[in-house]
Amino acid sequence: MVRRKYKTNSAIELMNVSNRGRPAGMVPAIAAPLPHDVDVSFEFFPPADLAAEAQFAATLHKLEPLEPEFVSVTYGAGGTTQERTLETVAKIRRNTRLEPAAHLTCIGATRDQVDAVARQIWDAGINRIVALRGDPPKGANHYTPFPGGYAYAADLVAGLKRIADFKIAVACYPEVHPEAANADADIDNLKRKVDAGANMAISQYFFDTDVFLRYLERVRAAGIAIPIIPGILPVTNFKQVAKFSKMCGTRVPNWMAEVFEGLDDDPETRRLVAASIAAEQCRILHANGVSRFHLYTLNHSTLGYAICHMLGVRPRAIAKAA
Ligand SMILES: Cc1cc2nc3c(=O)[nH]c(=O)nc-3n(C[C@H](O)[C@H](O)[C@H](O)COP(=O)(O)OP(=O)(O)OC[C@H]3O[C@@H](n4cnc5c(N)ncnc54)[C@H](O)[C@@H]3O)c2cc1C
């Protein structure tokens, strides 16, 4: 095993040489040819009202020509958006060429109720589900499985596979799920989800690319072979994200606080900074053999579109002409 020093956005580290012919961590200069092997997916939440629906439709319209692998729609904390999630994925199926994926959680519902939702998803012509345990509703400190419900995501995955041949994505945590006993227990849990039938995993967002790459090594060493797709969150509201990151266990590096310093009242510059940080994250990961990215869009197209553009993901007609 060859080990060499490489430079990332946060530190000089020792890493293995990737098996894709390029030394691990060598980040191509911006002028290097764009990669043409990148696949993206986008995450949305169901729009809450008519104005949000119009904005969401515009977002889909802008992102559709990029031909993402799939677009997923979240399920509100505490299971609160069940109907809107369903309506939204069904609309995407009916009105676009996009491949919708419905998030589904175990929260606040019996197995029969969750199964019924899964059947509705399948009957709407949707075969992709992002299967999650879910977070408890606001105010509840601890997670308690719902009586007669699926207790954990692994149980949900097994249940879904009994209903239909869904393509199932699950969540994974490069910085360890806050409730997991330790990092190994967390990877054991991912393995349980894979053994239950998960086809891919999407990661919690992170900012330190080394953290993701080391996690990927540990996952592979544990014998998990499914695609592990990094979740990329372009940060437009640094203060809010810093607060939320504490709850979900994502470390916010010092350099990020510095980069956003003085921009509290300058959303336009924050957006430009957000796109360049996220694109750099993706380029470093790509240089280390990662070619699929899941972008948390917050229902806006601008940043996601710009990041895709920088990764060589272009509307098909333009890519052909080039
Ligand atoms: C990509 C992505 C998308 C998300 N989308 C949504 C969404 O749409 N709606 C939403 O509400 N939330 C969503 N979440 C948040 C997610 O619901 C929370 O992170 C939740 O706390 C854990 O969900 P999970 O599916 O990872 O749970 P699990 O895989 O079930 O794990 C949860 C915790 O329980 C532990 N555990 C697992 N099995 C057992 C067991 N048998 N006994 C004891 N402990 C066990 C695990 O180690 C872990 O600490 C998303 C997260 C990600 C990363």
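Let's start with confidence: this protein is a predicted model with a mean pLDDT of 89, and 87% of its residues reach 70 or more. Here pLDDT is the predictor's confidence in each residue, from 0 to 100. Because the model is predicted, local features need pLDDT of at least 70 and side-chain atom pairs count only at pLDDT 80 or more, while totals for chains, interfaces and linings use all residues. Residues are numbered from 1 along each chain as its sequence is written.

Where pLDDT is low, the predicted coordinates should not be read in detail.

Now for the overall picture. The protein has eleven helices and eleven strands; these are DSSP runs, with helices being H or I of at least four residues and strands E of at least two, numbered from the N terminus. Of the 322 residues, 41% count as buried. Buried means that 20 or more other C-beta atoms lie within 10 Å of a residue's own, exposed means 12 or fewer, and partly exposed is in between, with C-beta atoms placed from the backbone.

Phe56, Thr59 and Leu63 of helix 1 are buried. They cover an arc of only 55 degrees around the axis, which puts them on the same side of helix 1; the arc is that of the directions from the helix axis to the C-beta atoms. An α-helix has 3.6 residues a turn, so residues three or four places apart point the same way. On the other side of helix 1, Leu50, Ala51, Ala54 and His61 are exposed.

Next, the ligand. It is surrounded by 24 residues, and the closest are Thr74, His103, Arg133, Ala153 and Ala171. A residue is near a molecule if its C-beta atom, placed from the backbone, lies within 6 Å of it.

| Element | Residues |
|---|---|
| Strand 5 | 100–105 |
| Strand 6 | 128–132 |
| Helix 4 | 153–163 |
| Helix 5 | 183–196 |

Helix 5 gives the most, with four residues.

Finally, Tyr152 is in the loop between strand 6 and helix 4. Tyr152 counts as partly exposed because it has 16 C-beta neighbours inside 10 Å.
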